[in-house]
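Dear colleague,

Please find below the structure that I am handing over to you. My findings follow it, arranged by topic.

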Amino acid sequence: MDDNNFNNYDEFDNLQNGSDNLSGEPEDLGKTQEMESVLFNREADEEARSITPRDEFIEMNSADDMSRTLLMDSVSDGEERYEPADNPVKKRRRKHKKKQINHTRTMGQIFLGAVISVAAICIGTVLAFKVIDVMRDITGMAKQQKEMDFTIYDNTTLDDIADSLYNNNIILSPKLFKFYVNYNRKKHPDEFDFLLGTYTLRSNMSYGSIVDMFRTEKEYTKTVLVMIPEGATAADIGRLLQENYVCRAADFERYYKSKLSNYDFEEGIGSDPYRLNALEGYLFPDTYEFYVIDDLKANPAFDTEEYAKIAADTMYKNFENKITKDLVERMEEMDMTLDETIILASLIQWEGTNEDNMSKVSSVFHNRMKDPEKFPKLESDTTYTYINQCITPKINASNMEEMKAIADAYDTYQCEGLPPGAICNPGLEAIKAALYPANTDYKYFLTSADGVFYYAQTLEQHEKNIQDAALRENND
């Protein structure tokens, strides 16, 4: 650089000290303005660093110091413009406004939270009560005590059961009960078949207890003595059992209609196609004690097959016990089968009234059977009674020919020898009479209206006895 020229710093010192231009030449205005600009920029930076934003704001806006204002205007026009800090007063006002907004939002959130909490508590309370009701209903706890008798019939549906239990205050929700049953039926299909019958239900019973009761055979404790008279038919016995609520007659019929293959005595029973009831004659007449099936009183269609089987088994076992070894040996001596003995005993049972006349009636049948050429037919009027009581009522349009053939087979005025099956269930006295007939030559007998017996060896004597019996009846 040239020695005659000021460097920047020397020039700056001269300006500071107010010294004149030594050369006396005119001032270099370009240099002077440049230096003034640098000077002012530097002072502005220093002042900007030495005062606080608030003081700077006051000083810059003061009416007493116009030079300061001009200075700031000059600085603001510079290339590197100084940006003063934001107005703290305005900033505080904005913060205060934000605080108000935040406060409003906070209060809204608190209110909304409170509403949600109250709603949740209410919903939770309602749900809690619902859950409690469900548990009470399923378990049967804490429910008002109610009791009812409910009968399940063949056509009773689950809807019928649920509605009836609900209407009688045994359960609180029929839908819940049906859901419980259907859900468990899917899991255990073989264990949810309801049995027919009448059940006593209480409101404190759980769903499980109610269902278990519907699935369990009811135990009966009340008993009844049923006296089966000697000479009763199988149909008569069935009616007696039904009248005493032991079982239904129709259910009992299943256990005498066909062979059961459960007893030794069945081996001697033939398979005659014209036999009406295979086990007629083997239901031993006696006095029996059976359970009373209360459900049969309320529901005549109640399934009593199991109880009918018990009743039939009891009578068949009694029969086996009554046919002693001595009686079997006597059958062999008489060259008679067990079945022939029982069939003959059934005729004797209805013809005779006591041991004496039974043995004589037996002798008549035996004497006829010993002479089949002369007396091929037994001609016992009792078989007409059996036909009228037991066969004729079963005849209808669809089985007329079949039943007519059966009726003819039992008619001892048409069939030869014994009928195909017994006509009643004889007692021990009649069975013994069949095996131990009186020693007579009688071929005929008859009984008067008042029970007097007439016997004859010939037809002529028999016809005279008929006249005597008629005269006796007329005189009475």
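Is Y245 buried, partly exposed or exposed? At 32% relative accessibility, Y245 counts as partly exposed, where buried means under 20% relative accessible area, exposed means over 50% and partly exposed lies in between, with a 1.4 Å probe and protein chains only.

The model is predicted, so local features need pLDDT of at least 70 and side-chain atom pairs count only at pLDDT 80 or more, while totals for chains, interfaces and linings use all residues. Residues are numbered from 1 along each chain as its sequence is written, and side-chain values use heavy atoms, with hydrogens and water left out.

Backbone and loops

Y245 is located in the loop between α9 and α10; helices here are DSSP runs of H or I with at least four residues, strands are runs of E with at least two, and both are numbered from the N terminus. Most residues other than glycine have a negative phi. Y245, which is not a glycine, has a positive phi of about 60°. A positive phi, near 55°, also occurs at D335, again a residue other than glycine. D335 belongs to the loop between α13 and α14, and with 69% relative accessibility D335 counts as exposed.

A further loop residue is N299, placed between α11 (294–298) and α12 (305–322). With a relative accessibility of 3%, N299 counts as buried. Apart from neighbours within four places in sequence, N299 is in contact with T151, I152 and Y153, contact meaning heavy atoms within 4.5 Å.

Helix packing

Two packed helices are described by the angle between their axes and the distance between the axes. Axes are lines fitted to C-alpha atoms, for helices over the stretch in contact, and angles run from 0 to 180 degrees between N-to-C directions.

Helix α6 (residues 158–167) packs with helix α7 (residues 174–187) at an angle of about 140°, and their axes are 9 Å apart. That angle makes α6 oblique to α7, given that angles under 35 degrees count as roughly parallel, over 145 as roughly antiparallel, 65 to 115 as roughly perpendicular and the rest as oblique.

For helix α9 (residues 234–243) and helix α10 (residues 249–257), the axes come within 8 Å and cross at roughly 140°. This crossing of α9 and α10 is right-handed. From α9 the contact includes A234, I237 and L241, and from α10 it is made by A249, F252 and Y256.

In α18, the buried residues are A430, I431, A433, A434 and L435. They pack against α13 (325–333), α14 (338–351) and α15.

Aromatic rings

Rings of Phe, Tyr and Trp (its six-membered ring) pair if their centres lie within 6.5 Å; planes under 30 degrees apart count as stacked, over 60 as edge-to-face and the rest as tilted. By this rule the count comes to 21 aromatic pairs. In one of these, the ring centres of Y442 and Y455 are 5.1 Å apart and the planes are at 15°, so the pair is stacked. Y442 lies in the loop between α18 (428–435) and β5 (444–447) and Y455 in strand β6 (residues 453–456), so the pair ties together parts that are 13 residues apart in sequence. Y442, at 24% relative accessibility, counts as partly exposed, and Y455, at 18%, counts as buried. Y455 also forms a stacked aromatic pair with F453, at 6.2 Å centre to centre and 15° between the planes.

Both F453 and Y455 are touched by N357, as is G352, not counting residues up to four places away in sequence. N357 lies in helix α15 (residues 355–370) and, at 6% relative accessibility, counts as buried. The C-alpha atoms of N357 and Y454 are 9.9 Å apart, although 97 residues separate them along the chain.

Elsewhere, Y263, F265, Y282, Y316 and F319 form one aromatic cluster.

Yours sincerely

Key
A crossing is left-handed if the near helix is turned anticlockwise from the far one by less than a right angle, and right-handed if clockwise.
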